[in-house]
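Below are my notes on the model you sent. The points can be read in any order.

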Amino acid sequence: MAPAVAMPLMSSASLRTGERLDSRRSAGAWFGILLAAGLVIALVVALVVLVLQNPEPVDVTFLAWTGSVPLSLLFLGVAVGVGIVASVIGSLRTAQLRRRLAEERTITMPGRLPRR
């Protein structure tokens with residue numbers, strides 16, 4: 001038997017032009033996605049266990065609000081609040097970077113109108 005030869009990752013466009021895709025970049029992206037997904041799943045499982053083990057009510061005071069809330073609902077509320085804050089901050093940063101990129105394109109390509 002002849003030894004197997006590894007073929008480089010190539011798209012249809014790169015086959016025509018003879019270019020080779022950088023497999024390190026795509027492999028790194030997939031590794032990052034899988035690592036993040038695993039971390040999210042582990043955190044969700046830990047939160048579910050924490051919620052199921054803490055159903056007793058606790059006294060909560062926040063600013064001018066005082067009340068008794070089951071500890072599990074408090075944990076869920078905090079988790080959802082952190083998720084919302086992180087999403088808003090991430091969206092603002094993404095919009096900021098897109099604006100900066102559009103400005104740089106306008107500067108490097110005079111006469112071209114920025115996309116809106």
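Notes on the model

1. Leu52 sits in helix H2 (residues 23-53); helices here are DSSP runs of H or I with at least four residues, strands are runs of E with at least two, and both are numbered from the N terminus. With a relative accessible area of 66%, Leu52 is exposed. The classes are buried under 20% relative accessible area, exposed over 50%, and partly exposed in between, with a 1.4 Å probe and protein chains only.

2. The model is predicted: local features need pLDDT of at least 70, side-chain atom pairs count only at pLDDT 80 or more, and totals for chains, interfaces and linings use all residues. Residues are numbered from 1 along each chain as its sequence is written, and side-chain values use heavy atoms, with hydrogens and water left out.

3. Leu52 also belongs to a nonpolar surface patch of about 380 Å², together with Val40, Val44 and Val48. Patches take residues with over 30% relative accessible area and no salt bridge, joining like charges within 9 Å and nonpolar side chains (Val, Leu, Ile, Met, Phe, Trp, Tyr) within 5 Å. A salt bridge is a side-chain nitrogen of Lys or Arg within 4 Å of a carboxyl oxygen of Asp or Glu.

4. The protein chain has three helices and two strands, in the order α-α-β-β-α from the N terminus. Strands S1 (residues 57-62) and S2 (residues 65-70) pair in the antiparallel sense over six bridges; pairing requires at least two DSSP bridges between the strands. Thr61 has Thr66 in S2 as its bridge partner.

5. What is the phi of Leu63? Its value is near 55°, positive in a residue other than glycine. Leu63 lies in the loop between S1 and S2, a hairpin with two residues between the strands. At 77% relative accessibility, Leu63 is exposed.

6. Apart from neighbours within four places in sequence, Ser72 is in contact (heavy atoms within 4.5 Å) with Val51, Asn54 and Pro55.

7. For the chain as a whole, buried residues make up 7% of the 116 residues. Of the contacts with a separation of 6 or more, 14% are between residues 24 or more positions apart.

Methods
Accessible areas come from the Shrake-Rupley method with a 1.4 Å probe; for residues, only the protein chains shown count as cover.
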